Amino acid sequence: MPGGLTEAEAAERLARLGPNSLAEERRHLLRRSAAKLSGPVPFLLEAAVVLELAAGKATEAAIVTVLVVFNAVLSFVQEGRAASALSLLRSRLAVRARVRRDGHWKLVDATALVPGDLVHVRVGDVVPADLAIADGSVAVDQSVLTGESADIEVAAGGACYSGSIVHRGEATGEVTATGSRTYFGHTAELVRTARTASHLEETIFRVVWALLALDGALVVAILAYGLVAHLPASELLPFVLILVVATVPVALPATFTLATSLGALELAHAGVLVTRLSAIEEAAAMDLLCSDKTGTITENRLSVVALRAFDGRSEAELLALAAAASDEATQDPIDLAVLEAAVAAAVPSPGRRLRFVPFDPATKRSEAILEVDGGELRAVKGAPAVVASLASSAAADDIEAAVSGLAASGARVLAVAAGSGRLDLAGLVALGDPVRADSAALVARLGDLGIRVVMVTGDSAPTAIAVARQVGIGDRLASLDDLRARRGGEIDFDVAAGVLPADKLALVERGQRAGHVVGMTGDGVNDAPALKRAEVGIAVSSATDVAKGAAGVVLTGTGLGDVVAAIETGRRVYQRMLTYTLNKIAKTFQVSLLLGLGLLATGSFVTTPRLVLLLLFANDFVTMSIAADEVGFSDRPDRWQVRALALAALGVAIPWLAISFATYLIGRHVLGLGLAHTQTLVFVMLVATGQATVYLVRERRHLWASRPSTWMLAATAADLVAVTVLATQGVLMAAVPLVDIAVVLAAVGIATLALDFLKGPLLASVRTDAKMGSGATT
């Protein structure tokens with residue numbers, strides 16, 4: 001078998017041949033720009049341009065055209081920021097490969113591989129380059145490359161191709177081709193970032209369709225009134241179209257993408273990588289976390305702390321057999337801990353290894369065939385119950401008491417058996433993995449956030465319960481029989497011990513049947529179904545490439561701190577999108593009902609299509625700032641409830657609607673203003689109340705309880721100054737005195753403060769769980 005390259009040789013080949021990656025295909029700038037001018041929202045606005053031109057209203061047509069371009073540019077810039085964030089995430093999620101350099105095995109980014117490198121692959125790996133297998137055998141899935149679903153067996157002398165997934169076995173091979181020179185010409189996408197519609201996005205679109213239904217009813221009434229009153233079509237049709245456009249959330253795609261992408265970028269800086277943007281919002285609703293023990297609650301710093309030999313063997317013989325059933329190339333923490341102890345104790349190898357079967361989560365053991373004195377000796381290392389079932393010695397009958405004694409302190413216990421024919425139990429190896437110093441505090445913090453933690457581990461029940469007690473999780477043990485039989489309802493236990501990967505999927509499904517939003521941590525290829533099924537699949541830092549691809553969140557550090565960061569960020573994103581949604585619904589109720597009912601009640605347009613278009617401009621500035629607003633997060637899981645959302649928005653909109661009509665009536669009948677001047681006052685009032693609504697709904701406490709982002713404050717100031725200048729100077733509207741505008745703004749300010757004291761019950765109703773408070777934590 002080849003011995004691999006030196007670092008100097010690898011560096012020279014990397015400089016000469018380039019990285020093991022493909023240049024990302026990018027659409028041309030003009031094509032990406034043109035895409036922003038197509039779609040339902042741009043088509044509506046473009047239709048409005050045609051109607052305005054047909055009616056001879058060039059100014060209105062120009063305003064709509066500028067609005068189309070403005071939103072296209074805004075969307076282009078914001079999606080560019082989102083793409084940059086996702087590009088950073090993809091680079092942080094780079095696949096790692098086990099390579100032998102300078103005579104030692106190490107982990108490197110797969111992009112650093114070069115032809116001639118010696119690489120080791122095992123279950124759950126994505127093959128990082130084309131390999132000529134020199135030792136071992138694997139079953140690989142090449143369906144992502146060939147479309148064939150059946151596994152392909154590859155042994156020494158065969159070839160594994162880049163992008164294949166190792167489903168069984170372990171092998172070492174020499175890299176024969178990298179990057180664009182691989183056999184298939186390209187590498188399968190290793191980290192999938194495709195975004196599916198989340199609960200949040202689906203909720204918002206359901207709301208939008210409901211608002212369009214409201215507009216549809218108003219449009220029918222307005223058209224019927226227009227026919228009876230003989231209103232000219234050149235005025236009626238643009239008014240109707242603008243009424244519909246005012247309902248459509250023009251800024252939704254850019255706001256939604258930007259909010260989640262900025263959240264993902266914030267998490268990336270904290271060491272949490274997001275592979276599906278929807279996982280950020282789901283993290284806000286998560287109320288049950290099924291957490292691994294090793295590396296999450298404990299330090300994943302294994303060392304041999306005790307040996308208990310059976311059948312007259314010495315501890316040195318026991319350790320030698322355990323080391324024989326381990327392999328450095330796997331980089332498995334258990335194997336490395338056993339090998340390190342064997343080297344430190346200078347125990348001799350019991351024989352030359354002929355074959356090795358690495359640890360398999362399904363069988364819970366590893367084994368080696370050794371040549372000893374001309375014969376073959378089988379050495380097995382694994383879970384005590386599994387190894388004991390294979391052994392026939394008397395010690396195997398009494399193993400439970402011995403395991404419980406060693407596991408009482410939280411040690412992880414392995415059993416070792418050996419034999420030429422039948423297996424005899426050689427003894428037990430206890431591995432210490434200290435509990436992380438911050439685990440107890442983080443479990444308590446998750447509890448404060450309304451999230452219950454259940455510890456899920458393949459370790460024995462005594463070990464698991466000892467650790468769970470130390471960190472405050474509890475000691476109620478799950479019935480694996482009930483779990484595997486898909487029985488039971490509520491999650492009425494704290495620890496699931498001795499689980500197989502398939503049990504994790506059963507646990508996720510049980511939690512979901514009980515109405516929980518479930519988070520699940522995992523690391524192996526067999527954990528992928530559970531990670532995919534959970535609303536928040538979390539791949540731990542040591543996870544295989546397949547597990548990372550199935551998860552929505554990938555941790556780069558150990559411990560639960562990263563999970564807490566993901567939850568807090570998810571709840572901040574929820575609060576931002578809640579602000580956007582409440583604001584949009586309230587504005588739509590206010591503007592649609594004012595325009596529609598105003599025409600029906602007064603027989604005249606309370607404002608003009610031109611001013612509605614200007615209102616859309618003013619709204620978009622502040623609406624886009626919501627995505628980066630400085631918000632707090634709730635102390636309980638957040639879920640969406642459309643009915644409560646609509647009622648809360650209606651409760652905010654009705655007072656504004658009353659003020660809108662009051663402004664029109666006072667302007668016409670008290671101040672004696674003409675229709676055009678009154679329409680200007682109504683426009684100023686709509687802009688001011690639109691700004692006020694954002695500040696009312698962004699904070700569940702009083703609006704001054706937290707400082708908005710600088711961008712939001714600047715957008716509001718710019719809007720009000722620009723509108724005041726346009727209104728007083730008579731640009732695009734009839735001029736009104738500054739004092740009238742000041743009175744309108746002051747009246748809106750007073751009404752905002754009054755509504756702020758009344759909004760509590762309205763916003764509290766948005767929460768789905770009556771037990772949840774309405775406060776937020778900054």
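How many disulfides does the count come to? The count comes to zero disulfides. The structure is a predicted model.

**Cysteines**
- C160 counts as buried, because its relative accessibility is 1%.
- C290 likewise counts as buried, at 1% relative accessibility.

**Helix α14**
- Helix α14 spans residues 439–448, and its buried residues are S439, L442, V443 and L446.
- G450 follows α14 and has a positive phi, near 85°.

**Helices α20 and α21**
- Two packed helices are described by the angle between their axes and the distance between the axes.
- The axes of α20 and helix α21 (residues 609–625) come within 12 Å and cross at roughly 170°.
- Because angles over 145 degrees count as roughly antiparallel, α20 is roughly antiparallel to α21.
- On the α20 side, the contact is made by Y580, N583, K587, V591 and L595.
- On the α21 side, the residues they meet are V612, L615, N619 and T623.
- The residues of this contact divide into five nonpolar, three polar and one charged.

How values were computed
Residues are numbered from 1 along each chain as its sequence is written. This is a predicted model: local features need pLDDT of at least 70, side-chain atom pairs count only at pLDDT 80 or more; totals for chains, interfaces and linings use all residues. Side-chain values use heavy atoms; hydrogens and water are left out. Buried means under 20% relative accessible area, exposed over 50%, partly exposed in between (1.4 Å probe, protein chains only). Helices (H or I, at least four residues) and strands (E, at least two) are DSSP runs, numbered from the N terminus. A disulfide is a pair of cysteine sulfur atoms within 2.5 Å. Axes are lines fitted to C-alpha atoms, for helices over the stretch in contact, and angles run from 0 to 180 degrees between N-to-C directions. Angles under 35 degrees count as roughly parallel, over 145 as roughly antiparallel, 65 to 115 as roughly perpendicular and the rest as oblique. Contact means heavy atoms within 4.5 Å. Ala, Val, Leu, Ile, Met, Phe, Trp, Tyr, Cys and Pro count as nonpolar, Asp, Glu, Lys and Arg as charged, and the others, Gly among them, as polar.
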